[in-house]
Amino acid sequence: MKKVIYSVTNFLHHGDDYLFVHRTKKTDYKVDSGRLNGIGGKLESGENFLEAAIRETKEETGLEVYEQDIKLAGVVRMTGGYEDDWMMCFFKIELPSKEIPLGMENPEGQLVWLPKDQVLTSDYELVDDLHHCFPDITSGKIPFFAHATMNDDETVKDWNVSYL
């Protein structure tokens with residue numbers, strides 16, 4: 001059995017505009033380099049998913065968010081394709097403005113605001129699971145629980161989803 005990586009992905013939004021990171025700076029990083037993804041990262045030792053969501057938002061944007069600002073969007077188990085398997089919690093966080101305290105760049109790459117109806121058709125290469133989960137996140141069909149089976153090229157081969 002593969003090692004499991006635990007992570008969070010935060011879908012920060014102001015109205016219908018969503019904030020993403022275009023991972024262009026850590027090109028030696030094996031996972032999703034050059035792709036667009038939500039704000040997030042791996043859990044630290046002793047940390048739960050909600051604590052990680054709050055910490056990652058602060059580290060990557062400078063924004064302080066609180067439990068009452070956060071909605072659970074989904075839980076995804078991802079197997080195959082990557083060197084490790086992943087257990088991810090996705091969160092949806094509404095922001096009062098589009099102002100990002102740390103600016104539109106962080107150690108991962110450029111921060112990008114996109115209207116929700118342009119995310120899946122933009123010229124950016126997306127992490128592949130966004131094609132499957134983003135419509136549910138933006139339409140409010142949350143929380144969802146999914147298992148993604150990945151191909152060797154890190155694309156989704158099978159997306160099995162259930163809803164509460």
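Is Cys 89 buried or exposed at 7% relative accessibility? Cys 89 counts as buried, because its relative accessibility is 7%, where buried denotes under 20% relative accessible area, exposed over 50%, and partly exposed the range in between (1.4 Å probe, protein chains only). The structure is a predicted model, in which local features need pLDDT of at least 70 and side-chain atom pairs count only at pLDDT 80 or more, whereas totals for chains, interfaces and linings use all residues. Residues are numbered from 1 along each chain as its sequence is written, and side-chain values use heavy atoms, with hydrogens and water left out.

The chain contains 2 helices and 10 strands, these being DSSP runs numbered from the N terminus (helices: H or I, at least four residues; strands: E, at least two). From the N terminus on, the order of elements is β-β-β-β-α-β-β-β-β-α-β-β. The radius of gyration is 15 Å, close to the 15 Å that the globule rule gives for 164 residues, so the chain is as compact as a globular protein of that length; the radius is taken over C-alpha atoms, and the rule is 2.2 Å times the number of residues to the power 0.38. The C-alpha trace spans about 40 × 40 × 40 Å along its principal axes. Of the 164 residues, 49% count as buried. Among contacts (heavy atoms within 4.5 Å) with a separation of 6 or more, 63% are accounted for by residues 24 or more positions apart.

The chain has 17 positive and 30 negative side chains, and the centres of the two sets lie 2 Å apart. In this count Lys and Arg are positive and Asp and Glu negative, with His and the chain ends not counted; each charge is placed at NZ of Lys, CZ of Arg, CG of Asp or CD of Glu.

With a disulfide defined as a pair of cysteine sulfur atoms within 2.5 Å, the count comes to 0 disulfides. Cys 89 is in no disulfide, the nearest cysteine sulfur being that of Cys 133, 12 Å away. This distance between the sulfurs of Cys 133 and Cys 89 is too far for a bond. Cys 133 is itself buried, with a relative accessible area of 0%. In H2, the buried residues are Leu 130, Cys 133, Phe 134, Asp 136, Ile 137 and Thr 138.

Leu 126 is placed in the loop between strand E8 (109–115) and helix H2 (130–139). At 6% relative accessibility, Leu 126 counts as buried. Apart from neighbours within four places in sequence, Leu 126 contacts Arg 35, Leu 36, Val 119, Leu 120 and His 131. Asn 37, in strand E3 (residues 36–37), is likewise classed as buried, at 16% relative accessibility. With the neighbours within four places in sequence again left aside, Asn 37 is in contact with Thr 9, Phe 20, Val 21, Val 127 and Leu 130.

Several backbone features follow H2. Most residues other than glycine have a negative phi, and most peptide bonds are trans. Gly 140, which follows H2, has a positive phi near 85 degrees. The peptide bond from Ile 142 to Pro 143 is cis, with omega near -5 degrees, and Pro 143 lies in the loop between H2 and strand E9 (144–150). Glu 154 is not a glycine, yet its phi is positive, at about 65 degrees. This residue, Glu 154, lies in the loop between E9 and strand E10 (156–163) and counts as buried at 17% relative accessibility.
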